[in-house]
Amino acid sequence: MSRELLTGNGAAAWGARLARVDYLPAFPITPQTEIIETCQNWIDAGLMDCRMVTLESEHSMLTAAGSAAATGVRVFTATSSQGLLYATEMIYTVAGWRVPLVLVNVSRGLSSPITLEPDHNDVLAMRDSGFLQIHCATCQEVLDHMLIAYRLSEDERVRLPVIVNQDGFYLSFTREPVDIPSQQQATRFLPDYLPSAIRFSGSRPLSEGVAVLGGPAYSYFRYQSHLASLEGLSVYRELCSQFEKIFGRSYAPVDAYQTDDAEIVFVMIGSFATKAREAVDRLRQAGFRVGLARPRLLRPFPVDDLARALAGKRGVAVIDQNLSTGRGGVLHMELASALYSRPDRPQVILSFIGGLGGRDIAPEEFYEMAKITGEAATRGETPPPRLLYTEEELREVRKLQAVARAGRGGGPWEK
Amino acid sequence: MGEIKSLRDLPARHILGTGTPMCAGCGGLESLHELYDLTGDKNLIVNAAGCMTLLSVYPCTPFPGSWLYTAMASAPAGAQGVRDGLDILLKKGRLRKDEDLAVIVLTGDGSAYGMGLSATSAAIDRRLDFLYLCYDNEGYGNTGQQYSAATPHGARTATSRSGLGHFGFKKDLFAIWAAHQPCYLATVVGAEPLDLARKVEKAKSMKGPRLLLSLAPCPTGWDYEPSRTVEIGKLAVATGVWPLKEFHDGQVVHTKIPRPRLPVERYLETQGRFAHLFGPSRNDKLLAEIQAGVDGYWRQIEAKGEGG
């Protein structure tokens, strides 16, 4: 084992290397590209026994990834944002093939307007695809979950592809100290891939991805994937306990921080949750009993873990780094529906939208959210969803609009 | 398979199963049968969305070999994944050499001429070792024959029903594919099984990107009696509408030059999709245009000395 400063992308590449992946179909996209560049350099230097092929699109990349996985090799691939959307048809298709593979998505806001910095609309658009989703908050978590993701994906009780998600820029390009396991340790946890029945070979003809006609057969296979995904929860727990024995780091479906005695709990996913964690420490110093519940698994959704962490709380503030236009925050909806039937559910579950397109969330905003949530619990009334946005930010955008208008030279609609 | 000199040298038995949901008289299935008899079953067919997708409907398949349905746009990328996967397994000693599979892409013209063109182009760039069979029925056949980039000028389709037929012109996919310099490329038609078999055998003897573009007469889409598929395929060649040719080592060679060439009308009049050219009043202008297009092609070939 060694300890090095790694970016989130570097950690993902190390994860792929330690997983001894056989095949890496690739396509460059910011902010993911560093992952495939790193892997290609290792392949060229003889440090990775892997074949990397650059496809002409993410759609083809995912097709090649799934096809190779169906042939019986361990497959890794990575993308981001528009690339993930371009591949969407194959994300669903490959999940239906029930082949194991790991895809790292480096989250980035979606067009339009086209942008570079992160939010989670890209990965959440894949929510219903059949891919399992693991959301990471630190570079260490990225590396460790690469290994866990392969075990999860290849487990015969699951056999579904897995997305390991990290935020673009904030994690992908941020250096953190990371423990890099030795290859021996990694192989002890993640042995060779044994494809068993899922593979093409000359003596055993196999038809994969065939059509079904009629609802009953279709429903059967779709629901089977759903059950396999749900199975992923207990398999994940099992794997985390094995992981801890070898590496000494423990993970759970929900990272519950200071929730035991908390009155108000923040719920959010991804690297921005580290800001919430910092805010929890500060708020506690100021005498507020707050905590943070961060789901690592989004699919399968860890309903029971969340219900336990949030049982009997006065209020929950869900901070969604995404926006389902016409409805609101996706995580808020997920959580509210998961907790609705629980008798010990929190009194109020508030929705905040923040961090769209990499927009920062300031410490004082966490303070404000805790305050509003506490007041809402006291009143017993849930206020409407709120966008985290300052007057200063609005002024800045007004300035941009003024510049844009000036360039246009005005018109009858201008004032 | 030894050298194919006459029809007697062709396989005596079809190995592709029968009772598929393809239409009676399907010209695409005709060429697939002929190809599959020669490639045998140690292969994997990677399919894109089209008529042939319905060959393998759970739990049945006519293929004694393997099958993978991908999507409309990316069958060649599926072939890439499978080929790479097999090569990795072979190299790492996880697959015995005799367990290897040939990889065959099977798509219609809707995929090949349009949505899948980018994936095909890139697969040839990467010199992927695969065989591609495109069954070209000159329209989006599986959805009821709307016009595609493969539809000939003047043909009536579900989306070109006016008296003039399709406004566009058939895209020269052969030339586009040839510009990529694949190892081998040929046009075929099921109605000329000897020519098809020689080309399949030639393609089989090579490694790298090899593509076969098969005209696929389509009784339902072209509006003719299923029993006439072979006759119409032969007429397509005899009238010069469908030139049989191959591309190899940078050279285009025509493998069957129709001499004398029959008038194009003989081909057009067999199909309901061209009926509006003949009645209620004869569209002499359009017929002449179509004839001129075919004449122009062959004049150019003679001039270049590509006639073979």
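A residue is counted as buried if 20 or more other C-beta atoms, placed from the backbone, lie within 10 Å of its own, as exposed if 12 or fewer do, and as partly exposed in between. The model is predicted, and local features are therefore described only at pLDDT of at least 70 and side-chain atom pairs only at pLDDT 80 or more, whereas totals for chains, interfaces and linings use all residues. Residues are numbered from 1 along each chain as its sequence is written, with chains lettered from A and ligands numbered from 1 in the order of writing.

Within α13(A), the buried residues include A:F366, A:M369, A:A370, A:T373, A:A376 and A:A377. Viewed down the helix axis, the buried residues of α13(A) fall within an arc of 130°, taken from the directions from the axis to the C-beta atoms, and so line one face of the helix. The cover over these buried residues includes β11 (264-267), α10 (273-285), β12 (290-295), β14 (315-320) and β15 (348-353) of chain A, contact being defined by C-beta atoms, placed from the backbone, within 7 Å. On the other side of α13(A), A:E364, A:T378 and A:R379 are exposed, and the helix is followed by A:G380, whose phi is positive, near 70°.

Chain B has 10 helices and eight strands, and buried residues make up 49% of its 308 residues.

Technical notes: Helix = DSSP H or I, 4+ residues; strand = E, 2+ residues; numbered from the N terminus. Contact = placed C-beta atoms within 7 Å.
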